Amino acid sequence: MQKAATALQQRAIGYLVRQARRPRGVAGWMNGWMFALRPSNRQRNLWAVSLLEVQPTDRILEIGFGPGVAIAEFARRATEGHVFGVDHSRAMVRHAARRNSVAIRAGRVHLTNASVEQLPSFGDPLDAILAVNSVGFWPDPVERLRELRRLLRPAGRIALVSQPRCPGATRDTTVRAAQELQDMLIDAGLAHLRVETLDLDPPVACVLATNPTS
């Protein structure tokens, strides 16, 4: 009986992990509402957006936008700019599209169902890029960051956010995650790194960097 219960628990955990990686179906839709409504998730996303110091005319990309909370905040700040988002979950694209329907109709928000290794064209260079709790799912993340750097204008900003969700995560887990993100950004050629921390449980780390001007 105990072995059967353990096996069932492992299958359930595996299912939740797969849903976190790529939400789909009814469960994916419900996950989207959970992500959007959980206060800590909203606080984390709005905080990350604030750190990028968005200007009214900025062109911004978010990778893995989930239910579109940060996308909406970007659109609120970049009133004369354009906000792009890519997410490989169709369920999340539908969530974010509903949340940002007015800005989409106005032509200021553009959402695409795509993966980080197959990005669409964004036209002119970008001013800022955000990725929240998604870099760990990227294939060859340093190469992906090099590609993103090529999309940034000189002195463009990038923010990578990590709030560890593994069982037993602590402040030390967050510190290690932030160091891994810093190492990746340096390897990808980004510069002027700094780390900001949001005191949630566990803490959230945001590593910011800029595209060198020469």
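**Group meeting: a walk through the model**

Hi everyone, let me start with Ala 155, which is partly exposed, with a relative accessible area of 31%. For burial, under 20% relative accessible area is buried, over 50% is exposed, and partly exposed lies in between, with a 1.4 Å probe and protein chains only. Before going on: this is a predicted model, where local features need pLDDT of at least 70, side-chain atom pairs count only at pLDDT 80 or more, and totals for chains, interfaces and linings use all residues. Residues are numbered from 1 along each chain as its sequence is written, and side-chain values use heavy atoms, with hydrogens and water left out.

Back to Ala 155, then. It is found in strand E5, residues 152-162, and it has a positive phi of about 75° although it is not a glycine. Strands here are DSSP runs of E with at least two residues, helices are runs of H or I with at least four, and both are numbered from the N terminus.

Where else does a positive phi turn up? His 192, also not a glycine, has one of about 55°. His 192 sits in strand E6 and counts as exposed, at 64% relative accessibility. For background, most residues other than glycine have a negative phi, and most peptide bonds are trans. With that in mind, look at the bond from Asp 201 to Pro 202: it is cis, with omega near -5°. Pro 202 is in the loop between strand E6 (191-198) and strand E7 (204-210).

Now to helix H7, residues 141-151, whose buried residues are Pro 141, Val 142, Arg 144, Leu 145 and Leu 148. Seen down the axis of H7, these fall within an arc of 155°, so they line one face of the helix; the arc is taken over the directions from the helix axis to the C-beta atoms. What do the buried residues of H7 pack against? Their partners are strand E1 (59-63), E4, E5 and helix H8 (171-187), with contact meaning heavy atoms within 4.5 Å.

Strand E4, residues 126-132, holds Asp 127. Asp 127 is buried, at a relative accessible area of 11%. Leaving out residues up to four places away in sequence, Asp 127 touches Thr 57, Asp 58, Arg 59, Leu 152, Arg 153, Gly 156 and Arg 157.

Last, the cysteines. Cys 166 is partly exposed, with a relative accessible area of 42%, whereas Cys 206 is buried at 0%. Taking a disulfide as a pair of cysteine sulfur atoms within 2.5 Å, the count comes to 0. Thanks, everyone!
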